[in-house]
Amino acid sequence: MERRIVHVDMDAFFAAVEQRDDSALKGRPVIIGASPEKGQGRGVVSTCSYEARKYGVHSAMPVSRAWRLCPQGVYLHPDIRKYAQESKKIMSLLETFSPVIEQISIDEAFLDCTGTEALFGGSCDLGKAIKQKIYKERGLSASVGIASNKSVAKIASDLQKPGGLVICPSGEEAVFLAPLSVKRLWGAGPKTVAALRRLGIETIGELAAFPEETLSRHFGRWGEHLHRMALGIDPRSLEKERGQKSISEERTFRRDTRDKGRIEQLFLALSQNVTAQLRVAGQKARTAHLKVRYSDFSTLTRSRTLSCYFDDTETLHQVVKALFEGLKGEKRIRLIGVGVTNIEEGAVLLQPSLFDEDPTPKRKVDTIMDEVSRKHGKVITRGGLITRKEDDGV
Ligand SMILES: [Mg+2]
């Protein structure tokens with residue numbers, strides 16, 4: 001049977017949630033990310049509203065540059081807990097269109113809607129119904145792409161943002177993709193795009209016409225995969241186990257630092273944010289990751305897999321602290337990242353052998369904090385997170 005794969009991608013997700021919840025933000029350039037500090041901020045923009053994009057602001061841009069382009073913007077810190085809760089609600093709405101769903105990030109998912117024509121009609125009706133349901137029930141705008149496979153559906157959803165609905169009819173994949181830039185191919189980052197350009201390839205059509213042997217000589221198996229994607233061929237099925245493969249957060253210090261107190265404070269804040277996302281999603285993780293970038297931009301990563309699953313702040317905090325102590329670096333630190341992988345939904349919480357104490361009290365603190373912040377916004381914080389004024393937006 002011909003497949004019908006739908007890719008749903010929320011429009012300017014974090015900014016749209018903030019604009020929905022605060023009518024004073026509607027129609028204004030809203031920029032979510034690190035604090036801009038009047039142009040001296042050192043982090044990046046996480047998401048921005050379409051009003052901000054008119055000024056040339058975009059995600060992943062240094063927030064100092066965003067400030068120069070749009071000083072009149074409203075700059076907000078991301079409230080990941082709120083966005084994760086919203087994401088969960090959207091995903092359960094999507095489940096009413098198909099039980100076969102693969103969430104690939106906080107605001108994006110694939111649905112396999114093969115064989116649902118009798119229920120939802122043609123692809124145009126299906127796409128409209130999905131967008132309308134999200135708008136009616138959550139007050140948010142989404143873009144939808146529909147095609148015979150994941151790669152083409154993902155490209156399609158991005159072509160007419162915001163509020164787009166783009167359908168690629170089955171059998172027309174290669175023609176549909178041909179005029180588009182290779183930048184649009186899923187997974188083609190700046191390195192791949194630059195390497196393709198050196199071979200004289202700019203569009204997906206040019207890539208499709210290129211001999212596959214030459215591509216695999218340059219890129220190995222990745223080259224073969226790219227070539228097939230350019231031809232509109234992607235037999236991958238949806239990965240059944242729903243949920244994110246990893247959750248991570250990172251922050252850049254305003255000034256590079258070696259101050260142990262500040263570094264540990266950041267470990268605690270990041271551990272809290274990461275595990276809050278696990279708890280909201282009802283998930284648990286087994287592997288903790290630490291990333292440290294030094295002032296010379298050299299970057300080290302370390303990870304440790306525990307014998308048991310966890311979802312509490314304290315466990316993650318202790319593990320990343322221990323990993324950090326193993327680094328023994330003398331250089332100043334620019335950026336810290338904390339993350340988890342090996343994520344399971346509904347995994348049984350067992351006491352990590354690393355910390356031979358009852359984990360229940362640690363989880364209790366998290367539960368209380370999650371509950372209070374759900375009701376009142378961020379009004380309480382852990383003692384270790386009360387920062388001095390010059391600290392880093394923790
Ligand atoms: Mg999005």
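Okay, so let's start with a question: among contacts between residues at least 6 apart in sequence, what percentage join residues at least 24 apart? For this chain, it's 66%. Keep in mind that what we're looking at is a predicted model.

Some overall numbers, then. The chain has 394 residues, and 47% of them are buried. On the secondary structure side, we've got 15 helices and 13 strands. The chain exposes about 18,900 Å², with carbon and sulfur atoms supplying 51% of that.

Now let's zoom in on one residue, methionine 10. You'll find methionine 10 in strand E1, which covers residues 5-10. Its relative accessible area is 3%, and the cut-off for buried is under 20%, so methionine 10 counts as buried. Who does it touch? Leaving out residues up to four places away in sequence, methionine 10 touches Ile90, Asp107, Ile134, Leu140, Ser141, Ala142 and Lys161. And here's a pair for you: methionine 10 and alanine 109 sit 99 residues apart in sequence, yet 9.3 Å apart in space, C-alpha to C-alpha.

Next up, a helix pair. Two packed helices get described by the angle between their axes and the distance between the axes. Take H13, residues 260-280, and H14, residues 313-325: their axes come within 8 Å and cross at roughly 140°. That makes H13 and H14 oblique to each other, and H13 passes H14 in a right-handed crossing. On the H13 side the contact includes Ile263, Phe267, Leu268 and Arg279, and on the H14 side it includes Leu316, His317, Val320 and Phe324. The residues of that contact split into 7 nonpolar, 5 polar and 5 charged.

Technical notes:
Residues numbered from 1 in each chain as written. Predicted model: local features only at pLDDT ≥ 70, side-chain atom pairs only at ≥ 80, totals over all residues. Heavy atoms only, no water. Axes fitted to C-alpha atoms, helices over the stretch in contact; angles between N-to-C directions. Helix = DSSP H or I, 4+ residues; strand = E, 2+ residues; numbered from the N terminus. Parallel < 35°, antiparallel > 145°, perpendicular 65-115°, else oblique. Left-handed = near helix turned anticlockwise from the far one by under 90°. Contact = heavy atoms within 4.5 Å. Nonpolar A, V, L, I, M, F, W, Y, C, P; charged D, E, K, R; others polar. Buried < 20%, exposed > 50% of the residue type's maximum accessible area, 1.4 Å probe, protein only. Areas by Shrake-Rupley, 256 points an atom, 1.4 Å probe, with all protein chains shown as cover.
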